[in-house]
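Reader: Hi! Could you walk me through this protein?
Author: Happy to, here it comes.

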Amino acid sequence: MQLTNSDIADLTKWRQKLHRQPEISNEEEKTALEVVSFLTPTEPDEILTGLGGHGVAAVYDSGKPGPTLLFRSELDALPIEELGNVPHKSEIPGKSHMCGHDGHTAILAALGRVFGRERPASGRVVLMFQPAEETGDGAAGVVADPRYGTILPNFAFSLHNLPGVPFGQVRIRDGVVNCASRGMRIELTGKTAHSSMPETGISPMQAVADLMPALAALGGGRFDEDGFAMVTVTHATMGEAVFGIAPGHAEIRATLRTRLDGRMAALCEQAEALAKGTAERSGLGLKIDYHEIFVASLNAPQAADHLRRAMDDEGIAHDDKDLPMRASEDFGAFGQRAKSAMMFLGAGETYPQLHNPDYDFPDDLIPIGARIFLRAAKNILG
Ligand SMILES: [Zn+2]
Ligand SMILES: [Zn+2]
């Protein structure tokens with residue numbers, strides 16, 4: 001059960017092909033077709049397409065009883081103009097694979113190559129290529145798809161490459177690894193007026209001025225404690241860019257962030273009560289909605305143990321430094337119905353950060369990520 005040098009060369013070339021043709025969240029149609037055509041020669045026992053959007057799942061079944069293991073990668077790129085100068089630079093203006101999901105996809109395709117040649121000794125392996133990770137709706141969409149019930153795993157695993165961590169080393173811990181977060185949009189509606197007679201209208205000015213610092217002040221607590229909460233006001237707009245009209249409308253956007261889902265529920269209640277009270281004081285209409293909802297990602301100790309053991313067997317260094325992360329990851333949705341674990345594979349200490357315009361997935365991580373997953377599968381399924 002291992003990759004050959006020619007597999008690695010193929011996978012590297014294929015990763016770079018994906019890099020040239022990035023598609024952003026919920027538009028991953030061609031990327032999904034590319035995955036299907038790469039995996040078809042490996043003759044999976046089943047391929048499901050259109051999961052939660054453009055998601056693809058390939059199933060390699062031993063035909064014998066045993067656990068189902070799911071390995072997850074993401075299909076989506078970002079609306080960022082690539083500024084690096086790699087030969088396989090994005091050919092799509094304004095879009096690029098600046099999170100390395102092309103590389104994660106190649107790692108899963110590597111597993112397809114190996115399981116195509118030899119099935120696990122028991123149970124099944126599901127390679128899950130999910131859509132729309134960046135917006136937070138992809139994993140939730142896959143899990144909500146009724147067909148997901150037919151590939152429901154006992155264990156779900158994922159990795160993300162991570163600049164700032166020494167190349168090829170891994171960060172992993174039990175419990176929270178990524179925070180819960182969500183975007184809150186607050187819309188305030190009053191009444192416009194001539195700017196010479198503002199008293200005849202209802203301006204949202206005071207409410208906007210009060211709400212922004214008050215929302216931010218709802219955050220607090222130490223990041224290493226479960227009560228941690230953070231509110232980042234990301235955007236505000238009011239009225240029109242003119243001088244003759246007193247404003248009758250405003251919008252504030254803020255990102256809410258907590259370590260745990262329960263704390264998030266409480267934070268939402270606090271933020272909503274604050275917005276309601278502030279709007280009422282100014283006689284404004286209020287509408288609140290939420291976007292890009294990420295649940296917290298928690299590693300089940302038993303699943304994380306499987307990854308740690310695989311790394312020990314493969315001689316790959318790992319520790320739990322700098323975890324959890326403040327950032328969010330929609331893999332948490334898989335953990336609500338399976339024992340799941342996610343790990344972070346070092347891209348190099350001085351490597352450009354994720355979502356920077358000069359980032360490019362380091363291809364030498366493909367065999368390292370694949371080796372860890374293959375060893376974990378071997379240890380569990382034989
Ligand atoms: Zn990202
Ligand atoms: Zn990512």
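Author: Let's start with Thr 31, which touches Leu 18, Gln 21, Glu 23 and Leu 75, leaving out residues up to four places away in sequence; contact means heavy atoms within 4.5 Å. This is a predicted model, where local features need pLDDT of at least 70, side-chain atom pairs count only at pLDDT 80 or more, and totals for chains, interfaces and linings use all residues. Residues are numbered from 1 along each chain as its sequence is written, chains are lettered from A and ligands numbered from 1 in the order in which they are written, and side-chain values use heavy atoms, with hydrogens and water left out.

Reader: Is Thr 31 buried or exposed?
Author: Thr 31 is buried, because its relative accessibility is 5%. Buried means under 20% relative accessible area, exposed over 50%, and partly exposed in between (1.4 Å probe, protein chains only).

Reader: Nice. Now the metal: which residues are the protein donors of the zinc ion (ligand 2)?
Author: They are Cys 99 (SG), His 101 (NE2) and His 160 (NE2), 2.1 to 2.3 Å from the ion. Donors are N, O and S atoms within 2.8 Å of the metal (3.2 Å for Na, K and Ca); water is not among the atoms, so sites may look incomplete.

Reader: And what does Cys 99 bridge?
Author: Cys 99 bridges that zinc ion and the zinc ion (ligand 1), and the two ions lie 3.2 Å apart.

Reader: Are His 101 and His 160 buried or exposed?
Author: His 101 is buried, at 0% relative accessibility, and His 160 is buried too, at 6%.

Reader: Switching topic, what is the domain assignment?
Author: The assignment gives domain 1 (5-178 + 296-381) and domain 2 (180-294); such bounds come from an automatic or database domain assignment. Their C-alpha centres lie 36 Å apart, and 16 residues of domain 1 are in contact with 11 of domain 2.

Reader: Where does the largest pocket lie?
Author: Both domains give residues to its lining, so the largest pocket lies between them. On a 1 Å grid over the protein atoms alone, a pocket is an open set of points with protein on both sides within 12 Å along at least five of seven lines, and lining residues have an atom within 4 Å of a point.

Reader: Which residues lie nearest its centre?
Author: Of the 27 lining residues, Glu 134, Phe 294, Ala 327, Ser 328 and His 355 lie nearest the centre of the largest pocket.

Methods
On a 1 Å grid over the protein atoms alone, a cavity is a set of points where a 1.4 Å probe fits but cannot get out, and a pocket is an open set with protein on both sides within 12 Å along at least five of seven lines; lining residues have an atom within 4 Å of a point.
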